[in-house]
Amino acid sequence: MKSLEVIGFKRANLDSASLTEIREEGNVPCVVYGPGIKEQIHFYAPAILFRPLLYTPEVHMVELNIEGFKVKTILRETQFHPVSDVLLHADFLAYSDKKPIKMDIPVDIKGSAPGILKGGKLEMKTRTLTVKGLAKDLPDSIPVFIDNLELGKSVKVHEVKAEGYEILTNPSVSIATIGIPRALRGKKTTEEEEEV
């Protein structure tokens, strides 16, 4: 899995006035916690460093460098302003190499479905799967094969093979479906009427 470095600076004050000041200077207030560290650390980091983390379908491990203290983490949660969509806060989970972690990993559609060649449309029902495993075993993406999908058919979570990690998403959840366009639905009905 890809890794990014985020450089941060400890926060001396945790009051709301200092939060406003941090944001006005183009920084994001953050906190890191979890089994990888003794106690949680409040810090801030330049907002520009979050672009490669947030505006990509890829998942990254994040190495935080907080004034020389380095820790391996994953981005756990983010808060955005409801109107301006500016990043307001970020939570990082410091993980241990020996303990499994939960992450949402993007699916990667592979192959071409016969249903698409017949005029159907690929409909994504979920773009990520929740998985659990050691950080070193987690993939960048989870391949999902659609080579056998006909019109109206779906590939479900239980059909996906996981090696070295466990998929926590409900096995009956559909990942992708080949939708039947309205024009084809009408055509099918007419053909059925002719058969009768």
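Biologist: Why is K110 called partly exposed?

Modeller: K110 has 33% relative accessibility. Buried means under 20% relative accessible area and exposed over 50%, with partly exposed in between (1.4 Å probe, protein chains only). So K110 counts as partly exposed. A word on the ground rules: this is a predicted model, where local features need pLDDT of at least 70 and side-chain atom pairs count only at pLDDT 80 or more, while totals for chains, interfaces and linings use all residues. Residues are numbered from 1 along each chain as its sequence is written, and side-chain values use heavy atoms, leaving out hydrogens and water.

Biologist: What makes K110 and D108 a salt bridge?

Modeller: Their closest N and O atoms are 3.2 Å apart. A salt bridge is a side-chain nitrogen of Lys or Arg within 4 Å of a carboxyl oxygen of Asp or Glu, so the pair qualifies. D108 is partly exposed too, with a relative accessible area of 28%.

Biologist: How many salt bridges does the structure hold?

Modeller: Four. One of them joins E150 and K118 at 2.7 Å, N to O. This pair links distant parts of the chain, 32 residues apart: E150 lies in the loop between strand 10 and strand 11 (154–156), and K118 in the loop between helix 3 (114–117) and strand 8 (121–124). Helices (H or I, at least four residues) and strands (E, at least two) are DSSP runs, numbered from the N terminus.

Biologist: Which residues touch the most other members of the largest nonpolar core?

Modeller: I101, M103 and I175, out of 26 residues. Strand 7 (101–110) gives the largest share of this core, four residues. Such a core is a set of buried Ala, Val, Leu, Ile, Met, Phe, Trp, Tyr and Cys residues joined through side-chain atoms within 4.5 Å. In soluble globular proteins, nonpolar side chains tend to be buried together.
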